[in-house]
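The entries follow in the order in which I checked them.

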Amino acid sequence: MSDNLPELSRSFPEEAIMCDSHSLPPEILLDIIIRLPIKSIITCTSVCKTWKSLIQNPSFISDHLRHSTTKYLLFSLYSKTAWQVYRIPHEQGKEHYALHWDDDNRDFNEYTKFYFPLLHGQVRFCVVGSCDGLICLANYTCCDTFIIWNPCIRKFVQVSKALALPNIPPFRYSVSVGFGIDSKTSDYKVARILSFRDRKSGSPPKLEVEVYSLATAEWKTLTTALPPTSTECYGNPHASSVNGALHWVASRRTKDNMLIKFVMVLDLEDEVFSEIAMPKFAENERNLPSTISAYGNSLALYQEVSMNYLNIWLMKEYGNASSWTKIVILADQGPRYYRPSAKGFRKSGEVILKMNDTKFISRDLETQEIKDIGNAGYYHTYVDYYVESLVLNDKKSQLCSY
């Protein structure tokens, strides 16, 4: 039982826990409910007002999250190929989400599938991050509309719109976003970085950084400790959330017009930026496309080398640039696939690869063993760790009707 449970139970006198003719010691009641499947816990909120108040208590929600041991992999899949998106834009595809067991004792089978019911029409949303059972969605074009959604309890929060973009053509600015948790306050935050470029003057891009707090339901603009003005995010514009911070691959020009790539880090507690140096690339690797992702409690870096293989770098010690290790070059040893694209990792350490529009595999980095996952998805596929939670159950949120 969590150390916080006795403290929480003291705030619920024994006589207050009584519902109808039934009475249990508060600490036993808490210990029973916290071990139930999440759907059963939600059903318990209808038993009586006291149970509902208990389950919606932030301390109970935190304890339940710490007790959640079953981990899944979240797949965001789109029902149209990239070719269809560009060639037939008037025919909208449909986004769906699937959770797969990520347990050594189970096959990699689908646990459940769900859709977000409000995503329809001409507005295209995509996943920009997930954390503690929450999925953050943003409109695809300019990322100024966000939704924070917990599919397990069927609740979501529509985030107030970010600051309006200046009246300039889209090709003159870029948007990078991220979603994660301030580990000190347990506040979930959305970050949006805008990079504006004045092509006529040729001056360095201007950065604006906005952060939304779920706790305060407000946006604010960061004005201090910003990255140098010449900084631009590179590759995947969606951040990876690790250790209470967001991470992007970024670049900037030196005074000698040399291009330097690095990992840009936004600490969600202090809301200040820092940098982590890239690995020591070989000469022919410096200009390769690079993306960053979570690897347990550290980072992984992917480089697409050619149509047949890619480099994977793992940071063995988080924050220590000297611990970057080039684990393997993934060569095509099987049927003829398209360019492999790394999407994330399983709990076992196997890397998830998207081989073409419809095929996913997992690959052991040591033995090179390949497992066919069998997911069918297209276009902007998102893969991340996932755990069921009650987060949002204590917030003023909207209920999904599915």
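Entry 1, salt bridges. I began with the rule: a salt bridge is a side-chain nitrogen of Lys or Arg within 4 Å of a carboxyl oxygen of Asp or Glu. The model I am reading is predicted. By this rule I have twelve salt bridges to note. As background, I wrote down that side chains of opposite charge can pair when their charged atoms come close.

I looked up Glu350 and found that it forms a salt bridge with Arg346. The closest N and O atoms of Glu350 and Arg346 are 3.6 Å apart, so the pair falls within the 4 Å of the rule. Both Glu350 and Arg346 are buried. I then followed the shared partners: Asp102, Arg346, Glu350 and Lys371 are joined into one network of salt bridges.

Which side chains meet Lys189 in a salt bridge? I noted Asp182, with closest N and O atoms 3.7 Å apart, and Glu271, at 2.9 Å from N to O. Lys189 lies in strand β9 (residues 187-196), while Glu271 is in the loop between β15 (259-267) and β16 (272-277).

I traced four strands that form an open sheet, in the order β21-β22-β23-β24, with antiparallel pairing. Its edge strands are β21 (341-345) and β24 (370-372), and each of them pairs on one side only. On average, neighbouring strands of this sheet are turned by 30 degrees against each other, direction ignored.

I then looked at one pairing in detail. Strand β23 (residues 360-363) is joined to β24 by three bridges. Ser362 has Lys371 in β24 as its bridge partner. I had already written Lys371 down as a member of the salt-bridge network.

I have 13 aromatic pairs for the structure. In one of them, Tyr72 and Tyr111 are stacked, at 4.6 Å centre to centre and with 20 degrees between the planes. This pair links distant parts of the chain, with Tyr72 in strand β1 (residues 71-78) and Tyr111 in strand β3 (residues 110-114), 39 residues apart. Tyr72 is buried, with a relative accessible area of 4%, whereas Tyr111 is partly exposed at 32%.

The next pair I looked up was Phe146 and Trp219, which is tilted: 5.7 Å centre to centre and 50 degrees between the planes. Phe146 is in strand β6 (residues 146-150) and Trp219 in strand β11 (residues 218-222), 73 residues apart, and this pair also links distant parts of the chain. Phe146 counts as buried at 1% relative accessibility, and Trp219 counts as buried at 16%.

I went back to Tyr72 and Tyr111 and found that they form one aromatic cluster with Trp101.

What sits over the ring of Phe262? I noted the charged end of Arg252, 4.6 Å from the ring centre.

Key. Residues numbered from 1 in each chain as written. Predicted model: local features only at pLDDT ≥ 70, side-chain atom pairs only at ≥ 80, totals over all residues. Heavy atoms only, no water. Phe/Tyr/Trp six-rings, centres within 6.5 Å; stacked < 30°, edge-to-face > 60°. Helix = DSSP H or I, 4+ residues; strand = E, 2+ residues; numbered from the N terminus. Buried < 20%, exposed > 50% of the residue type's maximum accessible area, 1.4 Å probe, protein only. Lys NZ or Arg CZ within 6 Å of the ring centre and 35° of its normal. Pairing = 2+ DSSP bridges. Axes fitted to C-alpha atoms, helices over the stretch in contact; angles between N-to-C directions.
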